[in-house]
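Please look through the structure shown below before reading on. The report that follows takes up a few of its helices and then some of its aromatic rings.

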Amino acid sequence: RTSIFGIACDLSPALIGVGYIVGLNVGILVLMGGIISWVIAIPIYTSMNPINGNIEDVAWNIWNSKIRFLGVGAMLVGGIWSIIKLLKPIIEGLLDSLNNKDTDLSTNKDIPLKIILSILFILFFPLLYIYINIFNNVLFSLVITFIILIVAFLFSSIAAYMAGIVGSSNNPISGITIATILISSLFINYMGFISQEGMMASILFGSIICCASAISGDNMQDLKTGYLLGATPWKQQIMQIIGTVASALTITFVLNVLHSAYTIGSDTLPAPQAHLMKTVVEGVFNKTLPWNWIIFGMLIGIIIIAIDIIQEKRRSNFRFPVLAVAVGIYLPIGLSVPIFLGSLISYLTLEKNHEKGTAFASGLITGEAIMGILIAIPIFLTGVSNWWQPILQFNSNFIGLLLFIITLILLYLNSNSKEQ
């Protein structure tokens with residue numbers, strides 16, 4: 001019988017940088033997820049089912065409609081497992097905040113809980129207004145808004161705790177978001193809101209939780225750094241609030257520029273996480289969600305968690321965080337390979353100048369993001385999507401591969417250099 005498998009490598013400096021920062025352990029697991037999808041699951045499925053049409057199109061269609069939902073199931077289990085593991089420290093932290101009667105900001109304390117609750121009370125009404133416009137039902141909008149605030153608090157606490165312990169690179173945001181999207185879609189659909197508005201409300205629900213979790217992880221990383229440097233927490237927190245508001249006001253323009261230039265969700269700017277959220281929501285409301293694949297993915301997640309517990313008991317340095325494997329399953333394998341290559345360089349230079357390598361890797365991530373925006377601005381202004389072609393007349397694929405290899409070499413040399 002004929003079967004299909006896939007292997008690819010995106011020529012992305014940013015993904016090399018991501019791999020370097022997360023390290024070899026996570027890099028191997030992300031690649032393992034890609035192998036589960038493209039080297040194991042797709043070949044097995046295609047060997048048992050007839051193949052018609054272009055092989056590449058068939059492979060992508062199978063992965064998009066079936067195989068990647070293994071990752072959804074694994075991420076769902078991973079998100080629930082993260083909540084279970086971190087529930088106790090979250091409750092302890094909340095009780096500690098409630099018992100803190102010190103409201104004097106002259107001391108090195110956090111912003112008092114009363115002020116935080118006041119800000120939440122103010123933000124409650126714009127969110128409620130949005131949902132009233134979506135549902136045209138005040139009572140249900142009140143229920144959904146309260147649920148969002150409670151879930152956002154819980155999941156933000158998990159993300160912040162993980163960032164404080166292991167760093168923001170290993171946050172379980174993907175698992176938390178997928179779990180939220182799936183559960184909120186099922187709830188809203190069950191309540192009878194089965195139209196386009198129900199889908200919009202579910203996506204908005206998941207987006208709020210995703211942004212809250214991401215911001216909380218980043219903020220906790222800042223507070224952790226501030227603690228090590230002796231900064232005043234409440235002053236940091238005020239500036240973080242200002243930074244969050246400023247980014248919320250500017251990101252809309254940036255996203256519009258990128259969408260006008262590349263179309264978010266296209267092959268040029270695929271946005272796999274956003275596409276997966278859309279697929280999950282549409283699957284719930286259209287009753288087309290492949291639950292058999294999701295359940296099988298949940299079993300894979302449970303097996304990985306069991307292996308991780310065994311590794312923890314053995315006190316092994318190599319762990320099996322389930323979300324890393326799940327991310328590898330639902331991402332195209334072309335994204336997993338450069339992450340692995342970056343993590344391999346990180347391992348090979350671990351005893352050398354790792355801080356310099358981390359700075360270089362961070363520059364790769366930032367540089368690719370800035371270049372993406374700079375290239376998009378002329379497209380946004382002129383509407384011409386290939387404005388650079390009259391300027392650059394050569395084989396861009398070959399040049400891209402050459403620059404990708406040079407980037408790997410430069411990262412290795414920077415990380416392998418002696419301390420200055």
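This is a predicted model: local features need pLDDT of at least 70, side-chain atom pairs count only at pLDDT 80 or more; totals for chains, interfaces and linings use all residues.

## Helices and ring pairs

Helix H5, which covers residues 173-190, is made of 18 residues and reaches 25 Å from its first C-alpha to its last, close to the 26 Å expected at 1.5 Å a residue. Of these 18 residues, 13 are buried, so H5 is largely enclosed by the rest of the structure. After H5 comes Gly192, a residue whose phi is positive, near 100°.

The mean pLDDT of the protein is 83, and 90% of its residues reach 70 or more. Confidence is lowest in helix H2 (residues 55-99), where the mean is 81, and highest in helix H9 (residues 291-313), where it is 93.

Helix H7 (residues 233-262) has 30 residues, which at 1.5 Å a residue should span 44 Å, and the 40 Å between its end C-alpha atoms agrees with this. H7 has a kink of about 35°, centred on Thr250. Its buried residues include Pro233, Trp234, Val257 and Tyr262, and the buried residues of H7 pack against helix H6 (196-229) and helix H12 (354-382). Thr263, which follows H7, has a positive phi, near 65°.

Two of them are set out here.

| Pair | Distance between ring centres | Angle between planes | Arrangement |
|---|---|---|---|
| Trp60 and Trp63 | 5.4 Å | 85° | edge-to-face |
| Phe124 and Phe146 | 4.9 Å | 45° | tilted |

Why is the pair of Trp60 and Trp63 called edge-to-face? The planes of the two rings stand at 85°, and an angle over 60 degrees counts as edge-to-face. Trp60 and Trp63 are three residues apart in helix H2, and are therefore separated by about one helical turn. Trp60 is partly exposed, with a relative accessible area of 36%, whereas Trp63, at 4% relative accessibility, counts as buried.

In the other pair, Phe124 lies in helix H3 (residues 113-135) and Phe146 in helix H4 (residues 138-166), so the pair ties together parts that are 22 residues apart in sequence. Phe124 is buried, with a relative accessible area of 9%, while Phe146, at 48% relative accessibility, counts as partly exposed. Phe124 and Phe146 also belong to a cluster, in which ring pairs link them with Phe121 and Phe125.

Note on methods. Residues are numbered from 1 along each chain as its sequence is written. Side-chain values use heavy atoms; hydrogens and water are left out. pLDDT is the predictor's confidence in each residue, from 0 to 100. Helices (H or I, at least four residues) and strands (E, at least two) are DSSP runs, numbered from the N terminus. The expected span of a helix is 1.5 Å times one less than its number of residues. The bend at a residue is the angle between axes fitted to the seven residues ending there and the seven starting there. Buried means under 20% relative accessible area, exposed over 50%, partly exposed in between (1.4 Å probe, protein chains only). Contact means heavy atoms within 4.5 Å. Rings of Phe, Tyr and Trp (its six-membered ring) pair if their centres lie within 6.5 Å; planes under 30 degrees apart count as stacked, over 60 as edge-to-face and the rest as tilted.
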